[in-house]
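Hello,

Here is the structure I promised to pass on. Have a look at it first, and my notes on chain C follow below.

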Amino acid sequence: MESLSKDKFQPAEKTTNAESIVRPSLTYWQDAWRRLRSNKMAMAGLIILVLMTILAIFAPMFSKFDYETQYLKDIDLKPSWGHFFGTDDFGRDLWTRVWWGTRISLLIGVIAALIDLVVGVLYGGISAYFGGKVDNVMQRIVEVIYSIPLLLLAIILIVFLGPGISSIIIAYALTGWVGMARLVRGQLLLVKEQEFVLAARTLGAKPKRIILQHLIPNVIGLVIVQITFIVPTAIFFESFLSFIGVGIRPPMASLGNLINDGAHYMRYQPHRIIFPTIVFSLILLSFNVLGDGLRDALDPKMRK
Amino acid sequence: MLNYVLRRLIYMIITLWVIITATFFLMKLLPGNPFGEVAAKLPPENLAILKAQYGLDKPEWQQYLQYLGNVAQGDLGVSYQFPTRSVVSVIKQSFPASLELGVESLVIAIIIGLTLGIVAALRHNKWQDYSAMIIALIGISIPSFVLAPLLSLYIGNKWGILPPGLWEGPENRILPAFALALGTIATLARMMRASMLEVASLDYIKTAKSKGLSTRKIVTGHMLRNAILPVVTILGPIAVGVITGTLVVENVFVIPGLGYQFVSSITTLDYTMITGLTIFYAAILIVVMFLTDIAYGLIDPRIRMSGRR
Amino acid sequence: MKFKKIFSAAMAVTLAGTLLAACSNDNKNSEPSASGSTGSGTGSKQELVMNYRADPPALDVSIAESAASFTILGAISEGLYRLDKDMNPEPALAAELPTISEDGLTYTIKLRDGLVWADGSPLTAKDFVYSYQRTLDPATKASYAFILTWLKGGQAVQDAKTPEELKTAQENLGVKAIDDKTLEITLDIPRAYFTAQLAFLNYYPQKQEFVEAQGSKSGADADKVLGAGPFVLTKWDHEQQLVLEKNPKYWDAANVKLDKVTLNIVKDTSTGLNLYESKKTDYADIKGDQMKPYEGKTELHRKSELVTGYLNFQQTKVPAFANVKVRQALSMAIDRQGLVDVVLKNGSVASTGYVPNGNSDGNGEEFRKVVGDTEVAFDAAKAKALLAEGLAEVGITSLPQLSVIGDDTETGKKMLEYLVSQWKTNLGITVLAEPLPHATRLERELGKNYTIVSTLWGADYNDPMTWLDMYVSGGPFNTQDWKNAKYDELIKGAEKELDNKVRAEKMHEAEKILLEEAAVFPLFFRSSPFLIKDKVEGLILPPYGPDFELKWTSIK
């Protein structure tokens with residue numbers, strides 16, 4: 001046994017950095033962005049949306065025409081270099097009107113989504129956080145509202161408020177926040193019960209820390225995804241109101257009333273319906289694929 | 001179980017009551033009165049008779065109680081616009097068409113939607129997946145009031161394959177049901193795909209695979225039943241959406257359904273009709289949601305009907 | 001009351017769409033080709049399928065108020081006379097034209113022999129008496145009761161407060177069944193157009209036993225309506241379909257060619273056109289822009305209606321509108337020809353006054369032809385100058401915020417867009433467009449709760465008074481609160497005037513004042529396009545009252 005010399009017990013030399021973190025340290029957001037970027041469909045959606053927004057903002061600014069002036073000599077022109085999308089039955093330039101309409105529709109969608117966000121998150125958050133009786137009462141209220149045929153209620157509201165952008169937004173927001181509230185509450189309840197929150201609480205974390213560090217990050221992804229679905233829903237809602245005849249006030253344009261007007265002329269003036277529908281569908285499509293992509297990207301479980 | 005059902009029933013009644021109350025008073029807030037046209041030239045005494053006939057001479061709370069009582073007995077009042085028709089008779093007359101259209105379109109949507117979703121999930125990230133999802137997405141991107149007239153014009157008129165409108169034989173059902181189904185197909189396909197993918201990543205599927213079970217067995221025996229659960233939960237609201245959302249399609253294909261009634265009752269300020277139809281739709285919604293919850297419980301053994309959802 | 005006329009007229013615009021350009025001269029009587037009764041229907045199936053734009057509310061002679069009810073009731077029932085394709089009364093249930101007393105007040109009418117209701121029971125003069133009494137009974141709440149107040153003592157029935165008063169008034173009413181086959185009608189004042197009016201729904205007979213048995217459901221369903229006309233209603237699926245079949249018991253059944261008429265309720269004109277082009281229907285109402293491809297084809301028919309579209313300026317809400325120059329300026333700034341060419345495109349013509357083309361002047365002439373163009377001409381420069389002058393007279397520098405309300409139908413909205421743009425371009429003022437659901441628009445119009453309203457009026461009877469008595473001071477349809485002592489005097493005078501010539505002159509004068517003052521600003525006289533398959537013969541499209549007349553129709 002003595003024959004074993006001490007030499008043989010040299011400490012091993014560190015040859016590799018086995019403990020080091022090879023992957024760069026990524027925050028939640030960096031990681032999500034990385035994953036989103038690799039999703040081709042979602043990126044295409046994002047790019048189209050950015051493009052559409054830019055056009056909606058700048059195309060009317062740089063157009064020779066405005067959305068309302070009527071040129072009664074230039075009625076129903078087919079698309080040409082002078083009028084990219086042709087003109088309508090008042091001789092108004094459709095290119096300008098489509099992008100004006102996009103602007104209005106996006107505006108309605110975004111504002112509606114913001115209202116939904118604030119109201120829905122607060123309501124759902126309060127309901128889930130306090131739990132018990134408060135939650136019970138608040139949930140009953142949500143159930144009642146959820147059971148009212150929202151579309152019908154919205155129509156009644158618009159008739160009551162009179163047509164216009166603000167009426168549309170209010171009607172949508174009054175009825176739309178319920179979905180968000182339910183979602184937020186459900187997710188919060190789920191997270192609240194999980195071990196890591198329990199651990200944090202046991203370790204003496206203050207409520208503020210728990211909310212900021214644990215609850216919000218776990219809900220925020222879901223909320224963002226939900227917003228990407230609310231915007232197109234609100235845009236769709238506006239177009240539906242136009243169909244019923246209680247949408248935007250003329251001569252203002254929105255994608256909804258452009259499409260709806262165009263539908264009447266489908267037979268003889270196809271350009272009236274084709275262009276606004278393409279823009280409308282692209283926006284809806286893009287929001288949806290982006291939403292799907294975000295859902296995957298923001299899901300912490302998908303982290304590799 | 002029984003306890004749960006009873007409890008839900010009570011909630012349903014409360015909800016319905018709140019809706020009746022809200023709609024009733026909302027109507028009172030709406031500008032104008034339904035006698036606008038007649039009232040202008042009728043002598044005041046005759047107007048009083050007219051108001052008395054509709055119970056509008058009493059204080060609002062009395063009208064409200066009266067109305068509640070009537071609703072409890074299944075009487076939703078008489079239309080102002082068509083004084084010879086009661087709201088209930090209008091519903092009886094118009095709802096069957098809406099219901100039939102809704103059910104047909106729902107069946108189409110479920111068959112096509114679920115198939116697309118399953119195919120997309122099984123061929124995840126392959127061309128089948130992309131094309132299925134693009135078809136689905138187009139469905140939610142094209143408004144039905146563009147699609148429906150397009151179908152009527154081309155398939156109905158120009159190509160003469162199916163009737164462009166009216167509600168006569170089975171051939172009249174196809175275009176409207178399809179037009180109505182398109183949006184639902186998209187929702188169901190995406191939901192089904194997501195759900196299938198989620199299930200596919202679960203351990204017991206991996207176990208099944210490693211046991212060497214055939215793909216077919218795994219899919220039919222293990223995945224479908226579990227994947228379909230979340231889809232069932234949204235089926236309720238979807239069904240109601242389809243049935244109440246028939247409005248556009250009814251309009252374009254000239255179908256004598258309830259959706260058109262609703263809009264025309266709003267434009268004519270037909271109070272009793274608006275209130276009655278809203279209550280009717282709400283009742284359907286509530287009942288369907290209730291049934292969905294029960295169905296969910298039956299499919300998913302993990303859910304016990306113990307009270308709280 | 002006439003009120004409903006606005007309603008139905010508006011419904012027609014909205015649902016059926018509107019008019020076209022081309023002020024063609026053939027717009028007088030535009031019934032489909034050929035004359036009626038001679039065309040024999042040998043060989044071809046005598047069945048007609050039509051699109052129809054609205055479900056009739058109630059098919060009850062007293063209560064009916066919409067064009068849809070007039071049309072269907074005109075097919076299943078009948079009056080003493082029926083208007084032919086030139087709008088001349090032909091004896092129907094009456095055996096001959098009425099014997100009119102010297103003073104023009106008493107009409108004695110012989111009924112045909114052996115008249116029966118569709119159920120086979122005899123039809124007598126008493127059925128007319130009952131019908132008129134019922135319509136006038138305040139409890140019936142008939143919107144068109146005013147047309148029966150032309151009978152002597154009619155107003156007293158309307159005003160009756162107690163059952164006793166009602167009974168006395170009804171007994172004193174100017175309608176008597178001398179015997180089963182002789183009817184005597186006495187008027188309050190002579191009315192030259194009364195014989196033609198006897199062809200209208202309001203003067204149809206009703207069978208007391210039958211009507212009373214139906215109670216409040218009278219006219220609600222196919223089995224709750226009884227007529228004595230060329231057809232019977234065999235099926236009525238609300239909001240879907242009405243089926244009319246030939247009435248074998250009709251006195252003139254030999255001359256009724258059609259065996260069956262199916263009316264499908266089709267509210268969307270695009271789908272309606274699809275149905276027409278795919279041969280699922282023989283008749284479709286279309287809109288201006290759908291008309292172009294049919295221009296010059298025999299299938300296209302235009303009907304010039306006694307309907308005027310116009311604007312009212314509310315003077316109490318906007319005091320500046322009390323100034324005639326301001327009103328003239330706003331009127332002059334609108335290019336009416338452009339409106340007709342760009343917005344309506346359906347054959348409607350730019351108005352040249354308030355009483356439309358084709359309306360009689362009550363003295364055997366056509367009102368418009370006698371009076372000529374009384375309307376201010378389009379002149380943007382002059383409009384601007386007038387506005388400045390007017391505002392200076394009122395003592396303000398600019399108009400308050402104005403909005404124009406109108407129906408929220410496709411055509412209604414387009415019209416608002418056009419008006420707003422014209423005011424902006426030609427006058428430099430910003431007016432808001434406010435499209436509203438029909439009932440709301442009406443409510444606000446009658447409640448005088450508007451600044452400018454775009455509205456419609458249709459003739460209730462073929463006489464200028466149906467247009468002009470609206471604007472007497474304080475009248476319920478004078479919603480703009482316009483007042484003119486001279487105008488009131490002329491209309492009141494004309495109402496009492498026994499000499500038709502003097503009466504017509506007074507009304508000519510009144511219309512001139514109305515338009516000189518721009519009290520109302522007429523925009524267009526409406527015309528509507530229809531597609532009718534060439535195989536259909538003798539279908540009449542009358543300019544007012546019912547939408548079409550089926551009695552003499554046949555299939556080639």
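Chain C holds 19 helices and 19 strands (DSSP runs numbered from the N terminus, H or I of at least four residues for helices, E of at least two for strands). Please keep in mind that this is a predicted model, where local features need pLDDT of at least 70, side-chain atom pairs count only at pLDDT 80 or more, and totals for chains, interfaces and linings use all residues. Residues are numbered from 1 along each chain as its sequence is written, while chains are lettered from A and ligands numbered from 1 in the order in which they are written.

On overall shape, the C-alpha trace of chain C spans about 75 × 60 × 40 Å along its principal axes. Its radius of gyration is 24 Å, which agrees with the value near 24 Å for a compact globule of 556 residues (taken over C-alpha atoms; the rule is 2.2 Å times the number of residues to the power 0.38). Of those 556 residues, 60% are buried (20 or more other C-beta atoms within 10 Å of a residue's own, with C-beta atoms placed from the backbone).

One sheet to look at is open and antiparallel, with four strands in the order β4-β5-β7-β6 of chain C (strands pair if DSSP finds at least two bridges between them). β4 (99-100) and β6 (175-179) of chain C each have a single partner strand, so one side of each lacks a neighbour in the sheet. Between β5 (residues 106-110) and β7 (residues 182-186) of chain C there are 5 bridges, and Tyr107(C) sits opposite Ile185(C) of β7(C).

Happy viewing!

Conventions. A residue is buried if 20 or more other C-beta atoms lie within 10 Å of its own, exposed if 12 or fewer, and partly exposed in between; C-beta atoms are placed from the backbone.
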